[in-house]
Amino acid sequence: MSAVLGLGFALTAALGTAPAIASSPAPAGPAIASSQAHAGYTSHSASQENAAANKAFFEAVARSVAEKRAANPGAQAVTIVYSAANAPSFRTQISSSAQIWNSSVSNVRLQEGSNADFAYYEGNDSRGSYASTDGHGNGYIFLDYAQNQQYNSTRVTAHETGHVLGLPDHYSGPCSELMSGGGPGTSCTNPYPNANERSQVNYLWQYGFAAALARSTS
């Protein structure tokens, strides 16, 4: 797989700031069926199905990308297309999160566009922010207003995006570990994956995607 974006981008002053909450009613997020599993930013919002949800989300995104690549199986760059249309208050954080991941890994790239492989939503939810999947190819990231005021918003977004790329939660990890989520507390503002997390994502999108592409073309 080829690298798509280089290191050393300049972050904007808005990086890490939480969006202002409008006084108008929050837009409704997608309906969540009881059969859906979600991986939350904090441990108290995590379900016992987190591990299965993470795996299902990654496999669903990989299949979606592979199906679109099937017409051109020789393509080297693996690009995941996302939609931020339903999370306008977090557009800066979502863009920064994509830049962070694109500068951190070489085998996969995040890009906003149409015919998206997954989508971001925003609103109010007592469970906070989470990545959700129904295990049948439908997945999305939900960004909760209140939680993104309490925790560093870019870290929250980058963490949840890590689930799309195949990483599980590890709440007991240090602040230097992105997938520790809210475990280190509200003072943790690190939005970057560590070396081990970067290595895991590169491995998954070199070998996991290859397997998905093989299935989609068989």
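Visitor: Where is the place of Cys 175?
Guide: Cys 175 sits in the loop between H4 and helix H5 (195-217). Keep in mind that this is a predicted model.

Visitor: Is Cys 175 buried, exposed or partly exposed?
Guide: Partly exposed, because its relative accessibility is 26%.

Visitor: What does Cys 175 touch?
Guide: Leaving out residues up to four places away in sequence, Cys 175 touches Arg 155, Ser 180, Pro 184, Cys 188, Thr 189 and Asn 190.

Visitor: And how far apart are the C-alpha atoms of Cys 175 and Ser 187?
Guide: They are separated by 9.0 Å. Along the chain, Cys 175 and Ser 187 are twelve residues apart.

Visitor: Step back a bit. What does the secondary structure of the protein chain come to?
Guide: Five helices and six strands. Starting at the N terminus, the elements go β-α-β-α-β-β-β-β-α-α-α.

Visitor: How much of the protein chain is buried?
Guide: Of its 218 residues, 47% are buried.

Visitor: And the contacts, what share join residues at least 24 apart?
Guide: That share is 69%, counted among contacts between residues at least 6 apart in sequence.

Visitor: Now helix H4. Which of its residues are buried?
Guide: Twelve of the twelve, so H4 is largely enclosed by the rest of the structure. The buried residues include Arg 155, His 159, Glu 160 and His 163.

Visitor: What span should H4 have?
Guide: H4 covers residues 153-164. At 1.5 Å a residue, its twelve residues should span 16 Å. The end C-alpha atoms are 17 Å apart, which agrees.

Visitor: Pick out Thr 157 for me. Buried or exposed?
Guide: Thr 157 lies in H4. It counts as buried, because its relative accessibility is 0%.

Visitor: So what does Thr 157 touch?
Guide: Gln 93, Ile 94, Ser 97, Tyr 120, Leu 143 and Asn 148. That list does not count residues up to four places away in sequence.

Visitor: Which residues of H2 meet H4?
Guide: From H2, they are Gln 93, Ile 94, Ser 96, Ser 97, Ile 100 and Trp 101. On the H4 side, the partners are Ser 153, Thr 154, Thr 157, Ala 158, Thr 161 and Gly 162.

Visitor: At what angle do H2 and H4 pack?
Guide: About 55 degrees, with the axes 9 Å apart. H2 and H4 are therefore oblique to each other.

Visitor: Is the crossing of H2 and H4 left-handed or right-handed?
Guide: The crossing is right-handed.

Visitor: How many residues of H2 are buried?
Guide: Ten of the 14, so H2 is largely enclosed by the rest of the structure. Among them are Gln 93, Ile 94, Ala 98, Trp 101 and Asn 102.

Visitor: What span should helix H2 have?
Guide: H2 runs over residues 91-104. Its 14 residues should span 20 Å at 1.5 Å a residue. The end C-alpha atoms are 20 Å apart, which agrees.

Visitor: Switching to charges. How many salt bridges does the structure hold?
Guide: Two. In one of them, the side chains of Glu 112 and Arg 91 meet at 2.6 Å, N to O. This pair links distant parts of the chain, 21 residues apart. Glu 112 is in strand S3 (residues 109-112), while Arg 91 is in helix H2.

Visitor: What is the relative accessible area of Glu 112?
Guide: It is 38%, so Glu 112 is partly exposed. Arg 91 also counts as partly exposed, at 36% relative accessibility.

Visitor: What about Arg 127, which side chain does it meet?
Guide: Asp 125, in a salt bridge of 3.0 Å, N to O. Asp 125 is buried, with a relative accessible area of 17%. Arg 127 counts as partly exposed, at 27% relative accessibility.

Visitor: Where does Asn 115 lie?
Guide: In the loop between S3 and strand S4 (118-123). Asn 115 is exposed, with a relative accessible area of 57%.

Visitor: Last one. Where does Thr 79 lie?
Guide: Thr 79 lies in strand S2 (residues 79-86). At 17% relative accessibility, Thr 79 counts as buried, because the cut-off is under 20%. The C-alpha atoms of Thr 79 and Ala 66 are separated by 9.8 Å. Along the chain, Thr 79 and Ala 66 are 13 residues apart.

Notes: Residues numbered from 1 in each chain as written. Predicted model: local features only at pLDDT ≥ 70, side-chain atom pairs only at ≥ 80, totals over all residues. Heavy atoms only, no water. Helix = DSSP H or I, 4+ residues; strand = E, 2+ residues; numbered from the N terminus. Expected span 1.5 Å × (residues − 1). Buried < 20%, exposed > 50% of the residue type's maximum accessible area, 1.4 Å probe, protein only. Salt bridge = Lys/Arg side-chain N within 4 Å of Asp/Glu carboxyl O. Axes fitted to C-alpha atoms, helices over the stretch in contact; angles between N-to-C directions. Parallel < 35°, antiparallel > 145°, perpendicular 65-115°, else oblique. Left-handed = near helix turned anticlockwise from the far one by under 90°. Contact = heavy atoms within 4.5 Å.
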